[in-house]
Each structure stands twice: as structure tokens, then as C-alpha cells.
Amino acid sequence: MNSRFFRLDVLVAVALFCLGTVGCQQAVAPPATPPAAGTAATPPAATVEPAVEDTPFELETDFVSLSRDQFEEFDAGPETWKASPDGLTCTGKPRGYLYSKLPYENFTWRLEYRFPRPANLKDEAKFKGNTGFLIYITGEHKLWPDCLEIQGKHLHVAAIKENGGADAVTVDDNEPARQKARKHVGQWNALEIVSKGGAVTASLNGLQISSSRPGALTSGLIGIQSEDHPFEVRRMRIRAE
């Protein structure tokens with residue numbers, strides 16, 4: 001027999017054999033096994049993006065961290081102020097404040113803070129969470145000291161006002177910007193306070209909210225109020241300029 005025809009016969013035979021066997025067919029994934037009766041199928045794993053407020057923190061150039069032990073306290077109870085792993089906590093009672101051991105004049109002060117969200121809170125416009133961040137504290141310690149205050153009160157966060165009998169300052173305040181920048185109760189709000197020659201600007205979550213022109217007070221201690229409501233502070237740092 002001609003060898004060329006023999007090879008053709010062999011190829012045809014091999015092809016017919018493969019068509020009749022599983023080994024030469026394309027591999028097919030077995031069908032999924034249905035869940036047992038009474039059990040729910042497990043959904044595929046989803047990729048979860050971390051919340052912005054929980055992103056890793058890195059101290060900016062020329063900033064130094066501020067911790068609980070860099071402050072003294074005025075009119076506080078034994079449980080009012082506590083150090084936490086990345087900041088401090090306050091019970092809000094009794095009324096009083098922390099004040100820094102060092103005075104500051106020209107500086108940028110940054111921190112994040114939040115109030116615990118009440119389980120029954122439905123209308124955030126009625127939430128009364130309150131604290132304040134004090135600058136230019138001067139004179140004797142009292143409730144409240146002569147200073148300027150950058151509001152931590154949820155409804156008026158980042159507003160600038162005088163406190164304790166200090167002379168009033170001229171303030172420009174942007175309520176629409178506050179409404180846009182403020183996060184929900186229970187979430188972290190990032191506050192930045194900048195002092196330059198007695199002029200002050202306050203920004204919330206990266207958006208400027210208020211500013212004041214220089215007044216009688218231009219330097220002094222910085223502080224944080226305890227004012228009836230519990231809250232937390234973290235990532236507190238300052239850059240002297």
C-alpha cells in the first residue's frame with residue numbers, strides 16, 4: 001500500500017477515535033453545586049474601599065504632634081480628659097478646658113474630632129453636641145478665659161468668636177460652605193486653624209469657613225473646651241511659624 005494513503009488513513013482513524021472519547025473534547029467546568037435546602041448561597045467577595053476618615057495618617061513636614069500630656073486642665077474632674085492611642089477623649093463634664101503648656105502666636109493647628117452619634121438621633125439640625133477650640137488664652141484661668149474661640153459646636157463648627165470678655169473681632173463667615181463641608185454626626189471632621197499676626201482663618205475638611213481680622217489678642221495659649229457633650233480628638237498637631 002502506498003505510504004501516503006496509509007498515513008491519511010491513520011489520521012482519519014485518530015480523529016474519529018477522539019470524537020468518541022471525552023479525553024479529546026474541550027474541557028468544560030462542572031456545573032455549580034446548588035446550595036442545600038434551607039441555606040442561602042454565599043455571594044462573591046466584594047472589594048471594600050476604606051472610608052476617607054480611616055485612611056492612614058502621616059505627620060506633615062514641620063508639624064509636631066500634640067498629646068494629652070502637653071496640656072494642663074482647668075476645672076476638670078478625674079475622668080473628664082483621657083489620653084487615647086492617637087489623641088484624647090472628653091466626657092464633657094464638668095465644664096472646663098485644657099490649655100497648652102506653651103504659648104503660640106503664628107501657627108497652623110490641625111486636628112480631627114467627632115461626637116458619638118446618639119442611637120435615637122433622627123434630625124441632625126437638632127443635635128446639640130458642643131465643644132470649642134481656644135486660641136490666644138490670656139490672663140487668669142476662669143470659665144471662660146479671655147481668648148478667641150473656633151467653634152466645635154456641630155451646628156456652628158469653625159465659626160470664630162471672642163470669649164471670656166475679650167474684645168470683639170471682625171469676622172467673615174460662610175454658612176453655605178459650612179453646610180457643604182460638615183460631615184454627619186459620628187464622623188470625623190478635620191479642622192484647621194491658622195494664626196498670622198492676629199488674623200485667623202478656620203477651615204473644615206479642606207474648605208475655608210471663616211476668617212477674622214486682627215484684634216487686641218494676637219498670641220497666647222491654645223486649648224480645648226469641655227462643654228456638656230462627650231467627644232474625641234485625634235491627629236492633633238501644630239506648626240509654629
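Biologist: How do the residues lining the largest cavity divide into nonpolar, polar and charged?

Modeller: In this predicted model, the lining has three nonpolar, five polar and one charged residue. Its members are Y113, R114, F115, H154, H184, V185, G186, Q187 and N189. Tyr, Phe and Val are on the nonpolar list (Ala, Val, Leu, Ile, Met, Phe, Trp, Tyr, Cys and Pro), Arg is on the charged one (Asp, Glu, Lys and Arg), and the others, Gly among them, count as polar.

Local features here need pLDDT of at least 70 and side-chain atom pairs 80 or more, while totals for chains, interfaces and linings use all residues. Residues are numbered from 1 along each chain, and side-chain values use heavy atoms, without hydrogens or water.

Biologist: What makes this a cavity, and what is its volume?

Modeller: On a 1 Å grid over the protein atoms alone, a 1.4 Å probe fits at its points but cannot get out, and lining residues have an atom within 4 Å of a point. The volume is about 50 Å³, meaning the space filled by probe spheres set on points joined across faces, edges and corners. The whole structure has one cavity of 30 Å³ or more, so that is the one described here.

Biologist: How do you know that β3 and β4 pair?

Modeller: Pairing needs at least two DSSP bridges, and β3 (residues 81-84) and β4 (residues 87-90) have four, in the antiparallel sense; therefore they count as paired. Strands are DSSP runs of E, at least two residues, numbered from the N terminus. A83 stands opposite L88, and two residues lie between the strands of this hairpin.

Notes:
1 Å grid on protein atoms, 1.4 Å probe; cavity = no way out; pocket = protein on both sides within 12 Å on 5 of 7 lines; lining within 4 Å.
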